[in-house]
Amino acid sequence: MPDPILRISGVDVRYGRTLALSDIDIDLFEGEAVGLLGTNGAGKTTLLNALSGFLRPAAGELRLFGASINRCPPHVIVRRGLLHLSQERDLFGDLTVHDNLRLGSLARAAKSFDRNLERVCHYFPRLKERLRQRASTMSGGEQQMLAIGRALMAEPRVLLFDEPSAGLSPLFVQEIGAMMQALRKEGEITIILVEQNMLLAAQVIDRYYMLRAGRIVARGPASELEKDHEELAREYYL
Ligand SMILES: Nc1ncnc2c1ncn2[C@@H]1O[C@H](COP(=O)(O)OP(=O)(O)O)[C@@H](O)[C@H]1O
Ligand SMILES: [Mg+2]
């Protein structure tokens, strides 16, 4: 087995006295996509925030490319290649699509901008048609595409998606699902996908972890999500 790109071992995260995550172990290998499932409040976003340096683990260790990131601030973790797409999207609403994409690319050499822009426009033709449009005037689905596109401009090696399909219409869910599948085919990026939509997750990921009340309570291959998603939902979401 090669070394994992990302190793989460024995991680606890607390909010004050509340234990939000308890004894989390996940290994992620290069080019893999792993799903984090579980109902609201299970601790999914908390885990992503710990990985991206916004929260410090109270116990355990996070290792990225073999080096501990337990004490790294967010900007250092981004520089090392891990990017977290938050549920809030954090776009600059007054700026155009093009300028939002440019901001995503700031940490990269200017000459890679055109290539990355072309790649993002290839994934999301809708953005190509709207490069001069202000971000705030786009629909929720288009804004989500822009948020993903901006993240890709930074050429991340590990990308954390936090419920990218939440609140979107079926058409956009499909487009974003197709985009994540295409990204996987390129094989250069390692993904953690937080998703409540198990069928969407199943199209993208290799295997899943189910969180409940801050603990991993189940794990398995993505094929289980297609077959048994109703049973899993009954067992872990109710
Ligand atoms: N900033 C915070 N302060 C205190 N408790 C929080 C904070 N953020 C989340 N929590 C709590 O931690 C638990 C996990 O939340 P979260 O990680 O957002 O879950 P999920 O993303 O799976 O819906 C919940 O009980 C939530 O109320
Ligand atoms: Mg969340």
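In the predicted model, an N or O atom in the side chain of Thr45 lies 2.8 Å from an oxygen atom of ligand 1. This is a polar contact (a pair of N or O atoms within 3.5 Å). The backbone contributes too: a backbone N or O atom of Gly43 is 2.9 Å from a ligand 1 oxygen, and a polar backbone atom of Ala42 is 3.2 Å from an oxygen of ligand 1. Taken alone, ligand 1 exposes 550 Å², of which the protein buries 54% (Shrake-Rupley areas, 1.4 Å probe). The residues surrounding ligand 1 include Tyr15, Ala20, Thr39 and Lys44, where a residue counts if one of its heavy atoms lies within 4 Å. Helix α1 (residues 44-51) gives the most to this shell, with 3 residues. Helices are DSSP runs (H or I) of at least four residues, and strands (E) of at least two.

Thr190 sits in strand β8 (residues 190-194). Thr190 counts as buried because its relative accessibility is 0%; the limit for buried is under 20%. Contacts of Thr190, not counting residues up to four places away in sequence, include Ile5, Leu28, Arg157 and Val158 (heavy atoms within 4.5 Å).

Leu95 lies in the loop between β6 (82-85) and α3 (97-104). With 30% relative accessibility, Leu95 counts as partly exposed, the class between 20% and 50%. Together with Phe92, Leu103 and Leu106, Leu95 forms a nonpolar surface patch of about 350 Å² accessible area. Patch residues have over 30% relative accessible area and no salt bridge, and nonpolar side chains are joined within 5 Å. A salt bridge places a Lys or Arg side-chain nitrogen within 4 Å of an Asp or Glu carboxyl oxygen.

Residues are numbered from 1 along each chain as its sequence is written, chains are lettered from A and ligands numbered from 1 in the order written, and side-chain values use heavy atoms, without hydrogens and water. Local features need pLDDT of at least 70, side-chain atom pairs count only at pLDDT 80 or more, and totals for chains, interfaces and linings use all residues.

Notes: Patches are made of residues with over 30% relative accessible area and no salt bridge: like charges are joined within 9 Å, nonpolar side chains (Val, Leu, Ile, Met, Phe, Trp, Tyr) within 5 Å. Buried means under 20% relative accessible area, exposed over 50%, partly exposed in between (1.4 Å probe, protein chains only). A polar contact is a pair of N or O atoms within 3.5 Å; within protein, one must be able to donate a hydrogen and the other to accept it, and residues adjacent in sequence count only if both atoms are side-chain atoms.
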